[in-house]
Amino acid sequence: MTDPLLADLRQSVLSLHPSHVDSDKVFLTAEWRYLAMLNYEVDASLLLRFVPPGTELDRWQGKVFVSLVGFRFLKTRVLGLAIPFHSNFDEVNLRFYVRREEAGEIRRGVVFIREIVPRWAIAFVARIVYNENYVALPMAHEIRTTGGGGLTVEYRWCSSRRNAIRIAVDGDPALAVDGSEEQFITEHYWGYAAQPDGCVEYRVKHPVWRVWSARHAEFEGDVEGPCGEEMAAVLKGKPTSAFLAEGSAVTVMRGCRLE
């Protein structure tokens, strides 16, 4: 990191150690926009090795899902700092859903199997602070309107080959129906990351998102290397569901180490 701001950020990040109490301190602020979500029902046994200690798989109507998600990360500030050339970028992640109970409160959260960003400094910060599975790869996006009020969103990245998420929607977005699969997928407000000696929990704050149901959605590419043969086979199939979330401003809080 040659930029002075990046050097300062590196020192600040290296000093961060999740505590054993809930934190009200902000780690990151940003906007997440145009979240293309391709969701796949899977057998629970496929995910058990990824479930962090202290959590359990979260289910919707008895079903377990993984989601392949691409979105725009905008106006990013880490520890209050806007880093040149690192404020606006794409992210693609493969995630699933867990829950845990804390003092009678059910905390529903997300666990990331793999996260892809275009900047190595971003991947570095996430690995240091939360031990998240980030990698830096060349990425690009395309967001365009189509005739009749439609919208097409595509996120691309390159690893051993070209990969892409594509989703097409029509009309206006709407709030998810209570109890729906869309609500289940979008309304997880905690993050969990397994550590060598336990688990870190962090809160993600954002308003309820409006969503479009997908007219067309597909994933094209090869994720066998980073995700394994079984997960790659899942992603090569047709998504169980797909939708586009409008997104919003978000706040990610400092992490808390679970007992």
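Predicted model: local features only at pLDDT ≥ 70, side-chain atom pairs only at ≥ 80, totals over all residues.
Two strands count as paired here if DSSP finds at least two bridges between them.

Strand β7 (residues 139-146) and strand β8 (residues 150-158) run antiparallel and are joined by 8 bridges. One place to look is Arg144, whose bridge partner in β8 is Thr152.

**Aromatic pairs**

Next, the rings: the structure holds 10 aromatic pairs. One of them joins Phe50 and Phe96 in a tilted arrangement, 6.5 Å centre to centre with 55° between the planes. Phe50 sits in the loop between β1 (26-42) and β2 (56-57), while Phe96 belongs to strand β4 (residues 89-102), so this pair ties together parts that are 46 residues apart in sequence. Phe50 counts as partly exposed because its relative accessibility is 22%, whereas Phe96, at 0%, counts as buried.

Phe65 and Phe184 give another tilted pair, with ring centres 6.4 Å apart and planes at 50°. Here Phe65 comes from strand β3 (residues 64-78) and Phe184 from helix α3 (residues 181-186), so the link spans parts that are 119 residues apart in sequence. Both partners are buried: Phe65 has a relative accessible area of 1%, and Phe184 has one of 5%.

The table sets out the two pairs.

| Pair | Centre distance | Angle between planes |
|---|---|---|
| Phe50 and Phe96 | 6.5 Å | 55° |
| Phe65 and Phe184 | 6.4 Å | 50° |

Ring pairs also link Trp32, Phe71, Phe73, Phe89 and Trp209 into a cluster. Two members of that cluster, Trp32 and Trp209, return in the next section.

**Around Ser248**

Ser248 lies in strand β14 (residues 241-253). Is this serine buried or exposed? At 6% relative accessibility, Ser248 counts as buried, because the cut-off for that label is under 20%. Its side chain makes a polar contact of 2.8 Å with the side chain of Trp209. Leaving aside residues up to four places away in sequence, Ser248 touches Ala30, Glu31, Trp32, Arg33, His206, Pro207 and Trp209.

A search of the whole structure finds 2 cavities of 30 Å³ or more. The largest cavity has a volume of about 600 Å³. It is lined by 41 residues, and those nearest its centre are Leu28, Trp32, Phe73, Tyr134 and Val252. Which elements give two or more residues to this lining? They are α1 (4-14), β1, β3, β4, β5 (105-117), α2 (120-130), β11 (190-195) and β12 (198-205). Strand β3 supplies the largest share, with 6 residues.

Helix α2, one of those contributors, deserves a visit of its own. Of its 11 residues, 8 are buried, so α2 is largely enclosed by the rest of the structure. The buried residues are Ala121, Ile122, Ala123, Phe124, Val125, Ala126, Val129 and Tyr130. After α2 comes Asn131, with a positive phi near 60°.

Conventions
Residues numbered from 1 in each chain as written. Heavy atoms only, no water. Helix = DSSP H or I, 4+ residues; strand = E, 2+ residues; numbered from the N terminus. Buried < 20%, exposed > 50% of the residue type's maximum accessible area, 1.4 Å probe, protein only. Polar contact = N/O pair within 3.5 Å; in protein donor to acceptor, adjacent residues only side chain to side chain. Contact = heavy atoms within 4.5 Å. Phe/Tyr/Trp six-rings, centres within 6.5 Å; stacked < 30°, edge-to-face > 60°. 1 Å grid on protein atoms, 1.4 Å probe; cavity = no way out; pocket = protein on both sides within 12 Å on 5 of 7 lines; lining within 4 Å. Points joined across faces, edges and corners; volume = space filled by probe spheres on them.
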